[in-house]
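Q: Please take a close look at one part of this model, the rings and charges, and then relate it to the rest of the chain. A plain account will do, with the cut-offs given.

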Amino acid sequence: MDETVAEFIKRTILKIPMTEMMTILKAWDFLPENQLQTVNFRQRKESLVQDLVLLCESKRASLRDAALLDIIYTQFHQHQKVWDVFQMSKEPGEDVDLFDMERFKSSFEKILRRALKNVTVSFRDAEENAVWIRIAWGTQYRQPNQYKPVYVVYYSQTPYAFTSFCHLKSNTPLLSQALTVASNHHKIVKMDLRSRYLDSLKAIVFKQYNQKFETHNSTMPLQETLELDMHMDSRIIHENRIEKERVQRVTQETFGDYPQPRLEFAQYKLETKFKSDFHGGILAERKEPLRCLIKFSSPHLLEALKSLAPAGIADAPLSPLLTCIPNKGMNYFKIRDK
């Protein structure tokens, strides 16, 4: 086994938490279970890694094997990446082609290799007709950097692909071309949507909100909040009950009664020209628009927004600019004068 492959496998295994070690190694399916049973998984991690690398050397692990292990680790730790969404489209009136996953993989890799000699492309099939693609970029004179790959998740027969951050921005057009051609589309655009939570991005673009997402803090049930007011004046209780029922109803109509997709932020860029009834002044003569950037952030932004009105922090309904995020499939907005 090549020294660079051994080092690559060593670094990947070192990243794996001990609690997940056996699960990921079994999913990798490179080392037989009878060999894994001979390894002492209770020893210090450095010693364990050394033993596992020796087993990989005895089996002559290749770069492709090492890349597959890295894909599996990334699948277990998707939230460590920031994911962008790309949307593809066909020509108007174009027929839907029969999709062949093996043909897609072959075409995708050929397009990259024709344009760039030093590139490593690896695939792993996943659930829901998805394929994970790992691309390690090189240059015409340098070997691929295996420690700064870009990951792509493509769901067959859909116009959507999800990509992690690409360190070499100059290769983004090539990646877009490979996706478009291999999937039999004609155009690709980057959506104004980004998150660390791949399942939530998928739910937004596929309109699958009514499913379970990562753990979150739900808003307090209405009955529980009303019970807190039992010692207040009965007239106040009645008015509070009516208002809280209204807020709860509006909130449910706006967000639904299911857990929200998980996004960490929403960003709004405002561009507007200064307007005034009074003539003159520095701002009135300014030709450039006034610019302002507002960013809302939270470990679970949509659930936080959903809880604002029931908590009495904001009026119901909230601004459409805040509540339209899942329906529009955006968390980057640009607001300009009409």
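A: The charged end of Lys59 sits over the ring of Phe30, with 4.7 Å to the ring centre. Here a charge sits over a ring if NZ of Lys or CZ of Arg is within 6 Å of the ring centre and within 35 degrees of the ring normal. The model is predicted, with residues numbered from 1 along each chain as its sequence is written.

Asp29 lies in the loop between α2 (21–28) and α3 (33–36); helices (H or I, at least four residues) and strands (E, at least two) are DSSP runs, numbered from the N terminus. Asp29 has a positive phi of about 60° without being a glycine. Asp29 counts as exposed because its relative accessibility is 64%; exposed means over 50%, buried under 20% and partly exposed in between (1.4 Å probe, protein chains only). Asn184, in the loop between α7 (172–182) and β6, also has a positive phi, near 65°. Its relative accessible area is 33%, so Asn184 is partly exposed. Ala316 and Pro317 are joined by a cis peptide bond, with omega about 0°, and Pro317 is in the loop between α11 and α12 (320–323). Most residues other than glycine have a negative phi, and most peptide bonds are trans.

As for ring pairs, a search of the whole structure finds 14 aromatic pairs. Rings of Phe, Tyr and Trp (its six-membered ring) pair if their centres lie within 6.5 Å; planes under 30 degrees apart count as stacked, over 60 as edge-to-face and the rest as tilted. Phe99 and Tyr154 form a tilted pair, at 6.0 Å centre to centre and 50° between the planes. Phe99 is in the loop between β1 and α6 (101–115), and Tyr154 is in strand β4, 55 residues apart. Tyr154 counts as buried because its relative accessibility is 0%. Phe99 and Tyr154 belong to one aromatic cluster with Phe104, Phe108 and Phe123.

Next come the cores. A nonpolar core is a set of buried Ala, Val, Leu, Ile, Met, Phe, Trp, Tyr and Cys residues joined through side-chain atoms within 4.5 Å. The largest has 29 residues, of which Trp83, Val85, Val153, Phe162, Leu193 and Ile325 touch the most other members. Elements giving two or more residues to this core include β1 (83–89), β4 (150–155) and α8 (198–205). The largest share, four residues, comes from α8. Apart from this core lies another, of 25 residues, which includes Phe30 together with Met21, Trp28 and Ile72.

Across the chain, there are 13 helices and nine strands, and 41% of the 338 residues are buried. The pLDDT, the predictor's confidence in each residue from 0 to 100, averages 88 over the chain, and 88% of the residues score at least 70. Confidence is highest in helix α5 (residues 63–76), at a mean of 98, and lowest in helix α9 (residues 222–227), at 44.

Conventions
This is a predicted model: local features need pLDDT of at least 70, side-chain atom pairs count only at pLDDT 80 or more; totals for chains, interfaces and linings use all residues. Side-chain values use heavy atoms; hydrogens and water are left out.
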